[in-house]
Amino acid sequence: MAFLADRSAMVRACARYVVRQAGGDPVAWYRERCARAGDPLLPPGAVIGLAECGERADADTLWALLAHPSAAVRARAVAGLRVLDTADVRRLHPLLDDPAPGVVRETVLAVEPSVHLLSDEWLGERLDAGRPRHVRVGALRLAFRRGGSARARALRVAREDPDPVVRARAAREAAR
């Protein structure tokens with residue numbers, strides 16, 4: 001049972017198989033473990049494990065975990081919503097300003113298919129040099145995906161960014 005919350009997807013899958021062979025119910029374990037949204041000891045592997053073998057109805061549990069104090073849990077909750085195909089850009093977009101880079105990366109992946117729902121102005125604000133690098137990089141990726149004036153503005157702003165990582169990403173995108 002302890003391996004159901006492992007950080008490796010392969011280990012979790014093997015653990016689910018073994019638990020089922022022994023007559024256990026991994027889905028019930030995941031649901032019980034993730035139902036305590038305020039539990040500071042909730043392992044991130046349990047959160048993504050719920051998404052891997054749960055149902056769309058389990059998305060409510062994952063939505064509740066977006067406010068968890070652990071960045072790893074928040075990131076796995078966003079990834080789980082993406083796995084369950086229940087990501088909603090209108091509800092997730094505040095996480096594009098999360099202080100944890102991993103949460104922003106997962107949120108970018110989750111909202112990319114619906115990037116047209118984010119305004120050019122809102123994306124442009126995230127490109128400001130005063131924002132953390134991971135927020136600017138996430139906004140760049142989304143602006144490039146959106147295309148049009150958002151892409152043009154992102155390229156213009158990013159070329160003058162004080163961070164060499166952001167400038168390099170803009171240069172690679174400009175070369176495409």
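Mentor: Let us begin with a definition: a residue is called buried when its relative accessible area is under 20%. In this predicted model, buried residues make up 45% of the 176 residues in the chain.

Trainee: What makes up the secondary structure of the chain?

Mentor: The chain has 11 helices and 0 strands. Its C-alpha atoms fill a box of roughly 60 × 30 × 25 Å along the principal axes. Among contacts with a separation of 6 or more, 56% are between residues 24 or more positions apart.

Trainee: Why is Arg126 called buried?

Mentor: The relative accessibility of Arg126 is 8%, and the cut-off for buried is under 20%; Arg126 therefore counts as buried. Arg126 is placed in the loop between α8 (120-125) and α9 (133-146).

Trainee: How do you know that the side chains of Arg126 and Asp97 are joined by a polar contact?

Mentor: Their polar contact is 2.9 Å, and the limit for such a pair of N or O atoms is within 3.5 Å. The value therefore meets the distance criterion. Leaving aside residues up to four places away in sequence, Arg126 touches Asp97, Arg131, Val135, Arg136 and Ala139.

Trainee: Why is Arg31 called partly exposed?

Mentor: Arg31 has a relative accessible area of 33%. Arg31 belongs to helix α2 (residues 26-34) and touches Leu50, Glu55 and Asp58, with residues up to four places away in sequence not counted.

Trainee: Which residues touch the most other members of the largest nonpolar core?

Mentor: Of its 53 residues, these are Val47, Leu62, Leu65, Leu66, Leu92, Leu118 and Leu142. In soluble globular proteins, nonpolar side chains tend to be buried together. Leu118 touches Val89, His93, Leu96, Leu123, Leu142 and Arg146, not counting residues up to four places away in sequence.

Trainee: What makes up the lining of the largest pocket?

Mentor: The lining consists of Pro101, Val104, Arg105, Val108, Leu109, Arg133, His134, Val137, Gly138, Arg141 and Arg169. The elements giving two or more residues to this lining are α7 (101-111) and α9. About 220 Å³ of space lies in the largest pocket.

Trainee: How many residues of that lining are nonpolar, polar and charged?

Mentor: The division is 5 nonpolar, 2 polar and 4 charged.

Trainee: Which residues line the second largest pocket?

Mentor: Val137, Leu140, Arg141, Phe144, Arg169, Arg172, Glu173 and Arg176 line the second largest pocket. The elements that contribute two or more of its lining residues are α9 and α11 (164-175), and α9 gives the most, with 4 residues. The lining divides into 3 nonpolar, no polar and 5 charged residues, and the pocket holds about 160 Å³ of space.

Key. Residues numbered from 1 in each chain as written. Predicted model: local features only at pLDDT ≥ 70, side-chain atom pairs only at ≥ 80, totals over all residues. Heavy atoms only, no water. Buried < 20%, exposed > 50% of the residue type's maximum accessible area, 1.4 Å probe, protein only. Polar contact = N/O pair within 3.5 Å; in protein donor to acceptor, adjacent residues only side chain to side chain. Contact = heavy atoms within 4.5 Å. Core = buried A, V, L, I, M, F, W, Y, C linked by side-chain atoms within 4.5 Å. 1 Å grid on protein atoms, 1.4 Å probe; cavity = no way out; pocket = protein on both sides within 12 Å on 5 of 7 lines; lining within 4 Å. Points joined across faces, edges and corners; volume = space filled by probe spheres on them. Nonpolar A, V, L, I, M, F, W, Y, C, P; charged D, E, K, R; others polar.
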